[in-house]
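Student: I have a structure here that I have never looked at before. Could you walk me through it?

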Amino acid sequence: LRREALEQLGGVADPGQLNELRVQYLGKKGQLTEVLRGMGALSAEERPVIGQIANEVRAAIEAVIAEKQEAFDRAETARRLQAETIDVTLPGKSRGEGTIHPLTKVTQEIEDIFLGMGYRIAEGPEVETDFFNFEALNLPKNHPARDMQDSFYLTEEILLRTHTSPVQIRAMRAANGQTPLKVICPGKVYRRDDDDATHSFMFHQIEGIVVGPNIRMSDLKGTLLQFVQAMYGPQTQIRLRPSFFPFTEPSAEVDVTCAQCGGHGCRMCKHTGWIEILGCGMVHPKVLEYGGYDPKEVTGFAFGMGVERIALLKYGVDDIRHFYNNDLRFLGQFARM
Ligand code: PHE
């Protein structure tokens with residue numbers, strides 16, 4: 001039995017065969033097991049002798065099986081290592097890297113400029129109450145100026161904010177009468193406009209407000225000049241035209257020398273050399289009161305600009321819709337700017 005087993009084991013070529021032989025000799029119904037089971041029929045003298053031989057045979061067979069199994073395992077490991085070899089010197093697959101959206105980029109630039117002038121950033125809700133969006137900004141119900149900002153109403157008292165000015169009121173109230181207050185408020189705003197090259201039902205604004213003793217219109221003008229020169233270059237000039245906003249008095253609209261043609265005239269500025277970029281003014285006394293300040297003690301200025309407009313002018317883009325179409329050919333160009 002021993003010889004036969006060892007001979008057969010010597011010839012096995014794969015793990016499957018090895019297992020078959022294991023079962024054949026050592027399994028529950030294996031040949032060796034049979035011999036051991038038959039020991040009960042032997043005489044008392046024969047039993048230890050046969051038992052010893054049987055155990056030796058079993059040990060021998062087990063040793064050969066273990067040896068073979070180990071050889072097979074080693075071979076298998078070697079085969080897998082060979083098959084799964086990775087050539088680390090092959091060039092990798094390159095993956096396109098995303099770029100920062102131009103509107104995000106311009107927003108961050110504007111924020112940086114004002115942070116550098118000591119402002120802090122305040123945010124407010126996009127779903128706003130009629131009170132903060134209009135009422136506290138000196139725009140009572142039925143005021144005709146409400147028509148300037150056609151709105152999306154959710155209920156009679158709640159709407160999507162039409163500008164970032166309500167954050168002015170929230171920031172003033174949060175300041176609890178403390179001065180100086182210097183904040184900018186970036187965010188999305190919504191108006192019921194039909195989308196075209198210069199209008200979108202949703203766009204981005206950045207509002208700024210400063211409140212303190214003796215804040216004057218000249219402070220506003222100097223601040224805005226500093227801002228546009230940081231944004232569009234030191235040669236940039238501004239001009240203020242009288243305007244009207246219910247929440248500022250006096251109010252002005254601000255033009256800059258066209259950043260695309262340097263003021264010489266081009267399609268972008270309709271050959272005038274100037275482009276309007278924001279609205280501003282001295283905070284209306286009533287608005288200061290709504291913000292918790294005493295208009296006899298403090299004054300303030302405020303301004304509000306559309307981020308899309310600032311970006312259009314900076315990059316010479318002619319259609320606001322490019323910013324929302326997510327065309328990678330358009331967006332990718334700003335990676336290098
Ligand atoms: N809130 C105004 C708008 O959206 C802009 C503005 C802000 C004007 C602050 C003056 C002062 O048109």
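This is a predicted model: local features need pLDDT of at least 70, side-chain atom pairs count only at pLDDT 80 or more; totals for chains, interfaces and linings use all residues.

Tutor: Residues are numbered from 1 along each chain as its sequence is written, and side-chain values use heavy atoms, with hydrogens and water left out.

Student: Which residues come nearest to the ligand?

Tutor: A residue is near a molecule if one of its heavy atoms lies within 4 Å of it. There are 15 residues around the ligand. Those that come nearest are H163, S165, R191, Q205 and E207.

Student: How much of the accessible area of the ligand does the protein cover?

Tutor: Let's begin with polar contacts, meaning pairs of N or O atoms within 3.5 Å; within protein, one must be able to donate a hydrogen and the other to accept it, and residues adjacent in sequence count only if both atoms are side-chain atoms. H163 has a polar side-chain atom 3.1 Å from a nitrogen atom of the ligand, while a polar side-chain atom of R191 is 2.9 Å from a ligand oxygen atom. The side chain of Q205 has an N or O atom 2.9 Å from an oxygen atom of the ligand. On its own the ligand has 320 Å² of accessible area (Shrake-Rupley method, 1.4 Å probe; for residues, only the protein chains shown count as cover), and the protein covers 92%.

Student: Which strand supplies the largest share of the shell around the ligand?

Tutor: Helices (H or I, at least four residues) and strands (E, at least two) are DSSP runs, numbered from the N terminus. Helix 7 (165-175), strand 5 (202-212), strand 8 (274-283) and strand 9 (299-306) each give at least two residues to the shell. The largest share, 3 residues, comes from strand 9.

Student: Which strands are at the edges of the sheet?

Tutor: Two strands pair if DSSP finds at least two bridges between them. The open sheet has 7 strands in the order 1-4-5-9-8-7-6, with mixed pairing. The edge strands pair on one side only, and they are strand 1 (120-121) and strand 6 (238-245).

Student: What is the bridge partner of V256 in strand 8?

Tutor: Look at strand 7 (residues 248-257), which pairs with strand 8 in the antiparallel sense over 8 bridges. The partner of V256 in strand 8 is I275.

Student: Where is P180, which a cis peptide bond joins to T179?

Tutor: Most peptide bonds are trans. Between T179 and P180 the bond is cis, with omega of about -5°. Another cis bond joins E249 and P250, also with omega of about -5°, and P250 is in strand 7. P180 sits in the loop between helix 7 and strand 4 (181-190).

Student: Which residues is H284 in contact with, leaving aside its neighbours within four places in sequence?

Tutor: H284 lies in the loop between strand 8 and helix 9 (285-290). Contact means heavy atoms within 4.5 Å. With those neighbours left aside, the contacts of H284 are N138, P246, F247, T248 and E249.
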